[in-house]
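Welcome! Please take a look at the sequence and the model below, and then we can walk through some parts of the structure together.

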Amino acid sequence: MPCRTTDELNELVQKAKYYTFGGKVADYIPALAKANPEELSVAIFHEDGTCVSAGDIQQKLTLQSVSKVLTLALALMDYGEEAVFDKVGYEPTGDPFNSIVKLEFSPSKPLNPMINAGALAVTNMIKGKDADDRFNRILTFIQDLAGNSSIGYSQEVAESEYRTSDLNRALSYFLKQHGVIEEDVEELLMVYTKQCAIEMDCLDLARIGCVFAMDGLEPVTNRRLIPAHVARLCKTFMVTCGMYNASGEFAVRVGIPAKSGVSGGIMGSVPNRFGIGILGPALDEKGNSIGGIKLLEMMSAKYNMSMF
Ligand SMILES: NC(=O)CC[C@H](N)C(=O)O
């Protein structure tokens, strides 16, 4: 079903666009540096399958860190809570997403699954007979959540990140030394960089956000895609750690479970109402979409979105 657009949402996007000038696209993954910093688009996907959008929603984004919440859901479905939280903790770090510093403290397990170290530990757990099989399981799961079997990944972005992943390589070796991950680090990075390069548009992202908003039910059909307790657990991490070390301020100003990625994507879930997909590649200094956060602040005020 095509998305309609409303003057009201368009106006909010135009206002938020003004702030994109204060941001910068991520360039530590070389392929992401090509993104247009002035781009800002949003889609809202409701439980009944209707959607509203503004901006250029044909534009695609790679999931990057948004994928962390999706692999967490899959690992929890594969293994259950006890096994997953044997490898990663529950607590926000207050540090940047790629920081290594807290791993030095005992126990040497990542503080939560939303930082790179934690996400690497979670991807390490994804079941499958080899790296390709594991990645395909992640991709199929994400296609199901979005109701779109044509979703794939950007080979260019995956390879670009794989080649330049020295920090994630270092984190992985550190975790391997401490027994948090077991597999070959190169194989893990292969799966992880492809997972981060899974590509979709804002509407797909909004639809996945809506599945979480509905505690794991597919919009329209009400088919269960994720057990309710897993969806709730993921949303809790989105609130406490989803916007990196800006999650506290985001909870105050916007007040919804959300997860961002360095491509400028943000997936939001407004409980029992709708999912939100945003693309705005210009980032603030913490790595969140600068226009996207502004837009969500305005939307939260206008549509009374805060759950607090
Ligand atoms: N914050 C992010 O989106 C980080 C994801 C990116 N692929 C990385 O590992 O660095």
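## M190 and its surroundings

M190 counts as partly exposed, because it has 18 C-beta neighbours inside 10 Å. Here a residue is called buried if 20 or more other C-beta atoms lie within 10 Å of its own, exposed if 12 or fewer, and partly exposed in between, with the C-beta atoms placed from the backbone. You will find M190 in helix α8. Helices (H or I, at least four residues) and strands (E, at least two) are DSSP runs, numbered from the N terminus.

Leaving aside residues up to four places away in sequence, M190 touches A131 and Y162; contact means that the two C-beta atoms, placed from the backbone, lie within 7 Å. M190 and F135 are 55 residues apart in sequence, and their C-alpha atoms are 8.8 Å apart in space.

## About the model

What you see is a predicted model, in which local features need pLDDT of at least 70 and side-chain atom pairs count only at pLDDT 80 or more, while totals for chains, interfaces and linings use all residues. Residues are numbered from 1 along each chain as its sequence is written.

## Helix α5

F135 belongs to the buried residues of α5, which are R134, F135, I138, I142, L145 and A146.

Helix α5 runs over residues 131-146 and has 16 residues. From its first C-alpha to its last, α5 reaches 23 Å, close to the 22 Å expected at 1.5 Å a residue. That expected span is 1.5 Å times one less than the number of residues in the helix. Just after α5 comes G147, with a positive phi of about 60°.

## Helix α2

How much of α2 is covered? It is mostly covered, with 11 of its 14 residues buried. The buried residues are V66, S67, K68, V69, L70, T71, L72, A73, L74, A75 and L76.

The end C-alpha atoms of α2 are 21 Å apart, which agrees with the 20 Å that its 14 residues should span at 1.5 Å a residue. After α2 comes G80, whose phi is positive, near 85°.

Domain 1 brings 34 residues to the contact, and domain 2 brings 30 residues. On the side of domain 1 that touches domain 2, the elements that give two or more residues are α9 (202-213), α10 (228-241), β6 (258-260) and β7 (265-270). The most comes from α10, with 7 residues. The residues on this side of domain 1 divide into 20 nonpolar, 10 polar and 4 charged. In this grouping, Ala, Val, Leu, Ile, Met, Phe, Trp, Tyr, Cys and Pro count as nonpolar, Asp, Glu, Lys and Arg as charged, and the others, Gly among them, as polar.

Where is the ligand? Both domain 1 and domain 2 give residues to the shell around the ligand, so it lies between them. The residues around the ligand are Q64, S65, F97, N98, N116, E161, N168, C196, G261, V262 and G287, each with its C-beta atom, placed from the backbone, within 6 Å of the ligand. By class, the shell has 3 nonpolar, 7 polar and 1 charged residues.

## Residues with a positive phi

Most residues other than glycine have a negative phi. V220 has a positive phi of about 70° although it is not a glycine. V220 is found in the loop between α9 and α10 and is partly exposed, with 15 other C-beta atoms within 10 Å.

N304 is not a glycine, yet it has a positive phi of about 50°. N304 lies in the segment after α12 (290-303) and is exposed, with 10 other C-beta atoms within 10 Å.

How values were computed. Domains from an automatic or database assignment.
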